Amino acid sequence: MRIVLLVIVVALVALWMSRRKNEPETVQAARHTGAPDEGEDKALAKRDRRAVAAGLLPRERIGTRSGRTFDPRIPPVVEAAVRGDWVPGAELLHVVDGKWAERSEVVAHLEGVAAEDDAFLVAWEEALPDDPDAALVRAASTVTLAWKIRGAKRATHTSREQFAGFHETLDRARAETARAAELNPRDPAPLVHEIALALGLGYPHARMRELWDRLVALDPHHFHGHKLALQYWCAKWRGSRELALEFAEKAARGAPPESLLAVLPLMALFEHEDDHENPYTNPVALEWTEAAREAVAGAPDSWRSRETRHLVGYFLARQERYAEALEQFRQVDDEVGFLPWSYYADPAEPYTRLRDRALRKAG
């Protein structure tokens with residue numbers, strides 16, 4: 001059972017969402033350790049009134065819906081899996097077969113359950129030993145577990161014990177991912193999860209490019225696959241600022257508008273914000289801020305559109321286009337578990353500070 005391995009994880013949860021680089025000036029928190037005085041209470045109440053008047057949420061409601069799914073079919077499936085019932089999940093994955101974006105979200109929720117307690121998955125595997133969907137959830141959950149064990153800190157701040165558990169779990173995930181791909185060779189999902197292995201196992205560039213060619217042959221615009229591959233090409237992993245931006249711009253220029261891949265260059269710029277003098281106001285940032293804003297303008301509400309809006313709003317605020325930033329923020333106030341806030345232990349705190357700054361500056 002996965003519960004035994006998760007004993008290790010409990011001590012690492014506080015590290016998992018730690019920020020990997022310094023906070024930008026506009027979202028740095030002036031930490032306050034005492035109870036607010038009467039003056040602070042009045043100031044907070046005044047800011048809340050201003051926010052509500054502008055169509056934003058008061059501070060206590062920011063992020064209250066983080067982690068939800070936008071597919072109403074998924075919560076009953078997750079509830080069943082928690083109870084140990086695998087059948088609803090198997091049936092839903094059969095329904096969304098070939099709809100790779102929908103399938104990714106279903107798998108993401110099932111793997112989250114399995115990474116904590118895989119009782120439902122064990123029962124599924126016993127009932128259908130060669131079921132490709134069960135194999136996919138198994139591989140995905142093992143990859144998730146490996147990264148939970150490692151934590152999100154840089155290598156110099158990751159313990160020997162974390163690395164040992166990480167690599168041991170990744171070795172198991174590698175075999176499971178290969179099996180899932182063999183059982184369903186037309187499904188891009190096993191290849192997406194292998195990109196997470198490429199990060200941890202340090203695939204050389206040639207091997208990563210070969211893996212990428214296989215993935216885009218199956219699904220040229222797989223959003224989650226592009227996000228993971230971008231991480232590989234970032235300087236903090238296996239690439240550089242130049243390689244990351246080259247990858248992001250190529251993908252964004254070749255993607256249909258409904259894919260929202262126009263946000264990839266903003267992700268690349270954000271990941272390297274400490275490495276460039278003008279990461280927000282240079283011509284590349286301005287171009288791709290506009291492209292991402294146009295792409296998300298008519299997009300339906302989803303986790304992709306929300307992450308896009310958060311990044312667009314963040315860049316607009318850093319470009320001092322505060323009123324335009326608020327247009328994005330007021331649509332995503334209730335959910336803040338995305339970039340750029342997800343690198344913080346409390347995503348709502350830096351988000352609220354930048355949002356309130358935009359509200360003040362917008363007049």
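Glu 320 is exposed, with a relative accessible area of 57%. Here buried means under 20% relative accessible area, exposed over 50%, and partly exposed in between (1.4 Å probe, protein chains only). Glu 320 sits in the loop between α16 and α17. Its phi is positive, about 60 degrees, although Glu 320 is not a glycine. Most residues other than glycine have a negative phi, and most peptide bonds are trans.

This is a predicted model: local features need pLDDT of at least 70, side-chain atom pairs count only at pLDDT 80 or more, and totals for chains, interfaces and linings use all residues. Residues are numbered from 1 along each chain as its sequence is written, and side-chain values use heavy atoms, with hydrogens and water left out.

**The chain overall**

The protein chain has 18 helices and zero strands. Helices (H or I, at least four residues) and strands (E, at least two) are DSSP runs, numbered from the N terminus. Of the 363 residues in the chain, 52% count as buried. Contact means heavy atoms within 4.5 Å. Among contacts between residues at least 6 apart in sequence, 71% join residues at least 24 apart.

**Loop residues**

Gln 319 lies in the loop between α16 (303-318) and α17 (322-329). Gln 319 counts as buried because its relative accessibility is 10%. Leaving out residues up to four places away in sequence, Gln 319 touches Tyr 280, Thr 281, Ala 285, Leu 286 and Thr 289. Tyr 280 is 39 residues away along the chain, yet the two C-alpha atoms are separated by 6.2 Å.

Leu 260 is in the loop between α13 and α14 (264-271). Leu 260 also has a positive phi, about 65 degrees, and is not a glycine. At 5% relative accessibility, Leu 260 counts as buried.

Ala 299 belongs to the loop between α15 (283-297) and α16. With 21% relative accessibility, Ala 299 counts as partly exposed. Ala 299 touches Leu 260 and Ser 305, not counting residues up to four places away in sequence. Ala 299 and Ser 259 are 40 residues apart in sequence, and 9.2 Å apart from C-alpha to C-alpha.

Pro 340 is found in the loop between α17 and α18 (348-361). A cis peptide bond joins Leu 339 to Pro 340, with omega about 5 degrees.

**Helix packing**

Axes are lines fitted to C-alpha atoms, for helices over the stretch in contact, and angles run from 0 to 180 degrees between N-to-C directions. Helix α5 (residues 87-95) packs on helix α6 (residues 100-116) at about 160 degrees, with the axes 9 Å apart. That makes α5 roughly antiparallel to α6. Angles under 35 degrees count as roughly parallel, over 145 as roughly antiparallel, 65 to 115 as roughly perpendicular and the rest as oblique. Gly 89, Leu 92 and Leu 93 of α5 meet Arg 103, Val 106, Val 107 and Leu 110 of α6. By class, this contact has five nonpolar, one polar and one charged residues. Ala, Val, Leu, Ile, Met, Phe, Trp, Tyr, Cys and Pro count as nonpolar, Asp, Glu, Lys and Arg as charged, and the others, Gly among them, as polar.

Helix α4 (residues 74-82) also meets α5: the axes come within 7 Å and cross at roughly 145 degrees. Ile 74, Val 77 and Ala 80 in α4 meet Pro 88, Gly 89 and Leu 92 in α5. The residues of this contact divide into five nonpolar, one polar and no charged.

**Aromatic pairs**

A pair of aromatic rings is described by the distance of the centres and the angle of the planes. Rings of Phe, Tyr and Trp (its six-membered ring) pair if their centres lie within 6.5 Å; planes under 30 degrees apart count as stacked, over 60 as edge-to-face and the rest as tilted. By this rule the count comes to twelve aromatic pairs. Two of them are listed here.

| Pair | Centre to centre | Angle between planes | Type |
|---|---|---|---|
| Trp 86 and Trp 124 | 6.0 Å | 15 degrees | stacked |
| Trp 212 and Phe 247 | 5.2 Å | 70 degrees | edge-to-face |

Trp 86 lies in the loop between α4 and α5 and Trp 124 in helix α7 (residues 119-127), so the pair ties together parts 38 residues apart in sequence. Trp 124 counts as buried, at 0% relative accessibility.

Trp 212 in helix α11 (residues 205-218) and Phe 247 in helix α13 (residues 241-253) are 35 residues apart, and their pair links distant parts of the chain. Trp 212 is buried, with a relative accessible area of 14%. Phe 247 is buried too, at 12%.

One aromatic cluster is formed by Phe 270, Tyr 280, Tyr 314, Phe 315, Phe 329, Trp 341, Tyr 343 and Tyr 351.
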